[in-house]
Amino acid sequence: MDFLRPTTWEEALAVKADQPEAVPIQGGTDVMVEINFDVRRPVALLDLNRVAELREWDLVAGVCRVGAGVPYTAVIEDLGGTLPGLAQASRTVGSPQIRNRGTVGGNLGAASPAGDSHPPLLAADAVIEVESRERGVRMIPAAAFYLGVKRSALEPDELIKAVHVKPATGPQYFSKVGTRNAMVIAVCSFAVALHPEERRVGTGIGSAAPTPRRALEAEDLLARELDWDAPDLDPALLKRFGLLCAGAAAPIDDVRGTAEYRVHAIDVMARRTLTWAWNDYLGRRAA
Ligand SMILES: Cc1cc2nc3c(=O)[nH]c(=O)nc-3n(C[C@H](O)[C@H](O)[C@H](O)COP(=O)(O)OP(=O)(O)OC[C@H]3O[C@@H](n4cnc5c(N)ncnc54)[C@H](O)[C@@H]3O)c2cc1C
């Protein structure tokens, strides 16, 4: 197996263009597990760890750009205030060791329906920056990035460069059901992001469909009927929101849980996270 170690982004793109079969490796917390268990035996690994710019994040023109190689630990420590939904989800990933190595870029590369970064990225309208040597940069909205189980819109000669997310303007929450509190793949998960200036709520469902997805009808319901000036969240509206989120899920029975349980859990998490977010919003409005 070749181990290719570019030191610049241009070099990395050139390697991927010339050898599309080379498997990128960042933190290696998915790739190395697959190699160790003989799930795959790539002819070449494309190590991105020497490409320094992938490990940087910045805030330019009102958008936070998180490099594909930024580990979860940095998201938690540096971006908790800017991207609270993503930071919350990052706190639930694996263990400290996994969070030190694992990255949002790797989560996107793996495109598992159970990946924890996906629901908050969907809820916050994230855009994925990918690039190839031949065709240059493509900006892919998160909602268009996930195509199937572990399949994404990334072409064989492309690499993920960064994720672009607008800093939160309202409360964001992430909730995950697992069989224990740490080191657990989500049975299912849910994220909400309030966008008060647009009078809109974003959602993201994880591990309850072939791909991470938004609950679009539930978002439309709140866009039409949520009264942002009201003192309380209408219980009947909250109930309808939960049911529409559950209806947007299309889960399967597997070793981690049944489809029936997942649908129920999405309903509960949707109502719970929206209530948490609304209570925060009320607190901020009163302040
Ligand atoms: C013990 C353990 C616990 C875990 N717990 C969780 C959990 O709780 N939640 C969760 O979501 N995940 C979990 N994972 C999975 C894994 O940690 C995450 O998916 C992580 O985000 C992968 O990031 P990475 O940088 O290690 O990716 P890598 O393993 O380096 O790569 C993952 C995939 O992305 C591709 N890739 C990487 N970088 C790029 C790039 N720049 N461009 C294109 N493709 C790229 C790789 O080719 C590969 O297909 C766990 C893994 C382990 C081993």
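Predicted model: local features only at pLDDT ≥ 70, side-chain atom pairs only at ≥ 80, totals over all residues.
Residues are numbered from 1 along each chain as its sequence is written, and side-chain values use heavy atoms, with hydrogens and water left out.

The protein chain is divided into domain 1 (2–165) and domain 2 (172–286), with bounds that come from an automatic or database domain assignment. Their C-alpha centres lie 25 Å apart, and the contact (heavy atoms within 4.5 Å) takes 24 residues from domain 1 and 28 residues from domain 2. The size of an interface is often given as the accessible area lost when the parts come together. For domain 1 and domain 2 the buried area is about 1900 Å², 62% of it on carbon and sulfur atoms, where buried area is the accessible area (1.4 Å probe) that two parts lose on being put together, summed over both. On the side of domain 1, Pro113, Pro119 and Ala123 lose the most area to domain 2, together 26% of what that side buries.

Polar interactions also cross this boundary. Between domain 1 and domain 2 there are 10 residue pairs in polar contact, both residues being at pLDDT 80 or more; a polar contact is a pair of N or O atoms within 3.5 Å, of which, within protein, one must be able to donate a hydrogen and the other to accept it, and residues adjacent in sequence count only if both atoms are side-chain atoms. Helix H4 (84–91), helix H7 (118–123) and strand S8 (146–148) are the elements that give two or more residues to the side of domain 1 that touches domain 2, and H7 supplies the largest share of that side, 5 residues. Helices (H or I, at least four residues) and strands (E, at least two) are DSSP runs, numbered from the N terminus. The two domains are also joined by 2 salt bridges, a salt bridge being a side-chain nitrogen of Lys or Arg within 4 Å of a carboxyl oxygen of Asp or Glu. Asp125 forms a salt bridge with Arg200, with the closest N and O atoms 2.7 Å apart.

Gln172 has its place in strand S11 (residues 172–177). Because its relative accessibility is 8%, Gln172 counts as buried, a class that means under 20% relative accessible area, with exposed over 50% and partly exposed in between (1.4 Å probe, protein chains only). Its side chain reaches the backbone nitrogen of Gly85 at 2.9 Å, and the residues that Gln172 touches, not counting those up to four places away in sequence, include Leu83, Pro84, Gln88, Ala124 and Val192.

At the start of H10, a side-chain oxygen of Asp234 reaches to within 3.1 Å of the backbone nitrogen of Ala236. The buried residues of H10, among them Leu237, Leu238 and Phe241, pack against strand S12 (188–195), strand S13 (200–206), helix H9 (216–225) and helix H11 (259–286).

Two loop residues other than glycine have a positive phi. For Ala111, in the loop between helix H6 (104–110) and H7, phi is near 50°, and the residue counts as buried at 2% relative accessibility. For Ser207, in the loop between S13 and H9, phi is near 60°, and at 7% relative accessibility Ser207 also counts as buried.

The structure holds 19 salt bridges. One of them pairs Arg5 with Asp47, the closest N and O atoms being 2.9 Å apart; Arg5 lies in the loop between strand S1 (2–4) and helix H1 (9–18) and Asp47 in strand S3 (residues 44–47), so the pair ties together parts that are 42 residues apart in sequence. Arg5 is partly exposed, with a relative accessible area of 37%, whereas Asp47 is buried at 4%. Arg135 and Glu158 form another salt bridge, with the closest N and O atoms 3.8 Å apart, and here Arg135 is partly exposed at 48% relative accessible area, while Glu158 counts as buried at 1% relative accessibility. Salt bridges that share partners join Arg135, Arg138, Asp157 and Glu158 into one network.
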